[in-house]
Amino acid sequence: MASVTSLAASVHQRVADALSAALPEAGAADPLLRRSDRADFQANGMLALAKQLKGNPRELAAQVVAGIPAGESGAVIKEIEVSGPGFLNITVADEAIITTLAARAADDRLGVPYADGAGTTVIDYAQPNVAKEMHVGHLRSAVIGAAMVEILEFTGEKVIRRHHIGDWGTQFGMLIQYLIEHPHELDHKRGTDGESAEISGEEAASNLNRLYKASRALFDSDEEFKERARRRVVDLQAGDEETLAMWQRFVDESKIYFYSVFHKLDMDIRDPDIVGESGYNDMLEETCRLLEESGVAVRSEGALCVFFDDVKGPDGNPVPLIVKKSDGGYGYAATDLSAIRDRVHNLSADTLLYVVDVRQSLHFKMVFETARRAGWLDDKTRAVQLAFGTVLGKDGKPFKTRAGETVRLVDLLDEAVERATAVVRDKAEKVGLTEQEITENGAQVGIGAVKYADLSTSAVRDYKFDLDQMVSLNGDTSVYLQYAYARIQSIKRKAGEHRPAAHPELTLAPAERALGLHLDQFGEVLAEAAASFEPHRLAAYLYQLASHLTAFYEKCQVISADNPVEVVENRLFLVDLTGRTLHQGMALLGIRTPERL
Ligand code: ARG
């Protein structure tokens, strides 16, 4: 395993060295290098620098050029010239492109380095609520969170997953009381051996739905039941055994359902990582005591509150974060503050990442600030919300069924798979897919489409859930990327005895250079996506990669009797590395790449 210095980094280094040699008084000045259409790279740093030091930018640029060996055999830079008011246009040598890519190809990690100073990140994601249906918001958290887990782990970060499920709170009083009064409502059919028969996620969801509706109806209509339900909350919080046992049945039933959805999503969620709100129950009292003793929280109208200068309600009065209600109950905030203490002190995290709906941003802003005041977060330990926007329907309004109900996640996923299967089936005969392959690919394409649509726009933006667009073969979709990958595999199968091999001595066509330079950026894009918690940067990179590949196919025949063997091998090498990069990148996004499509 060896990490590879990218061409951009090599060029940057050479220009920066020449710049500080030409202008020692500027210190370590940034040449501001970026990819460019005119040449391979453009450096703009001379402009601002010359201005600052009252020099002539074109003269400075010329001095830099004079300090850089170019065009010699083995040199990374083939051409460097001054242009416009003092830019540098830089072209790298074909040989350097292929040599660098060959080093990437020789490495399992495609030459991607581990990040400097990797630490421990706790990611809070995929957090549905017990006894409730999952909705599209839970989908976003799960999909974005899972991608962040993979991306960060790939850069060498230690990642601890936490599924902060909603498994605690007053609504359980009502549910538990109802189940105690109707004890057979959650009984599962017994198998002949007396073992409880396994039930499907679908059945679990419908059991829970039924119970939820029935108990709610009773709660709203029967004052005496309401009172019994209230007392049940007290029993639950006091840890009464019978009450806890009933509560556990709701949690277990819900987990059957959650796991079925996560399975459908092709997502690896593990039981020990599910630490719901109930998991912090034992810490709540201490959290409040610490906040009160340190003066971070104060009593106000019987409640324990934290106030903020900049958080005011519509009437101009300060709106506090309530950590303990006047009736003694603890809420969402006390749980999150306790979770911070646990994650920082027991899990030794230095980054806490919360993949949660943007509509909870004020909550997290107040919770993080409270934790800072209490000394649980500081310069070395940060908390960040990766906030995501709302999922909208095709009409641009919040996503609802025609009857105006929230859309069930499972129905959506099933429909996506159905549509994708139809797309796959259309081409199946030509590719020679078996019925089983059609089903498998349909699932991988359908789930991939849903994930990719979520991951390819900046998370904080609302996005339209449009299945027609998602499974379209053209445009920025996962299907397009999956076809690009499958096409690569097909070319490799057709290559016969030809093997991919790098030939740095060859002169490259423009489309080969463009593809090669893009391939070389993989590590940098990953580092950016990891540092900014923006998986959409990786998605955009992969889409561009597939587009470069398409352009390359148009201009450059890979397997042709007219091509010298070295050209065939070198093109196969580029195609193969593109395939591996696509596969790796898609895997980080949680999307499969079928071999034949
Ligand atoms: N269960 C919550 C919901 O469905 C999301 C939990 C977010 N995480 C947290 N630590 N508060 O809205």
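Colleague: What percentage of the 597 residues in this protein is buried?
Modeller: Happy to start there, with a reminder that this is a predicted model: local features need pLDDT of at least 70, side-chain atom pairs count only at pLDDT 80 or more, and totals for chains, interfaces and linings use all residues. Residues are numbered from 1 along each chain as its sequence is written. A residue counts as buried if 20 or more other C-beta atoms (placed from the backbone) lie within 10 Å of its own, as exposed if 12 or fewer do, and as partly exposed in between. By that rule, the buried part of the 597 residues is 41%.

Colleague: Is proline 57 buried or exposed, and why?
Modeller: Proline 57 sits in helix H3, residues 57-66, where helices (H or I, at least four residues) and strands (E, at least two) are DSSP runs numbered from the N terminus. Leaving out residues up to four places away in sequence, proline 57 touches Met46, Leu47, Ala50, Pro85 and Gly86; contact requires C-beta atoms, placed from the backbone, within 7 Å. Because 20 other C-beta atoms lie within 10 Å, proline 57 is buried.

Colleague: And aspartate 309, is that buried or exposed?
Modeller: Aspartate 309 belongs to the loop between strand E8 (303-306) and strand E9 (321-324). Its C-alpha atom is separated by 59 Å from that of isoleucine 438, 129 residues along the chain. With 6 other C-beta atoms within 10 Å, aspartate 309 is therefore exposed.

Colleague: What is the strand order of the open sheet of four strands?
Modeller: Two strands pair if DSSP finds at least two bridges between them. Strand E5 (residues 120-124) runs parallel to strand E10 (residues 351-357), and four bridges join them. In this sheet the pairing is parallel and the order is E6-E5-E10-E11. The strands that pair on one side only, at the edges, are E6 (158-162) and E11 (382-388).

Colleague: Which residue in E10 is the bridge partner of isoleucine 123?
Modeller: E5 and E10 are joined by four bridges. For isoleucine 123, the partner on the E10 side is leucine 353.

Colleague: Which helix packs on this sheet?
Modeller: Angles here run from 0 to 180 degrees between N-to-C directions, with axes fitted to C-alpha atoms, for helices over the stretch in contact. The helix in question touches E5, E6, E10 and E11, and its direction makes about 155° with that of E10. It spans residues 136-154 and is helix H5.

Colleague: How many residues of the shell around the ligand are charged?
Modeller: The shell holds Asp124, Gln127, Asn129, His164, Gly166, Asp336, Ala339, Tyr354 and Val356, where near means a C-beta atom, placed from the backbone, within 6 Å. Helix H11 (332-346) and E10 each supply at least two of the shell residues. Ala, Val, Leu, Ile, Met, Phe, Trp, Tyr, Cys and Pro count as nonpolar, Asp, Glu, Lys and Arg as charged, and the others, Gly among them, as polar. The shell splits into three nonpolar and four polar residues, and the number charged is two.

Colleague: How far apart are the C-alpha centres of domain 2 and domain 3?
Modeller: An automatic or database domain assignment supplies the bounds, with domain 2 covering 120-166 + 276-386 and domain 3 covering 171-269. Nine residues of domain 2 are in contact with 13 residues of domain 3. On the domain 2 side there are seven nonpolar, one polar and one charged residue. The two C-alpha centres are separated by 26 Å.

Key: Two residues are in contact if their C-beta atoms, placed from the backbone, lie within 7 Å.
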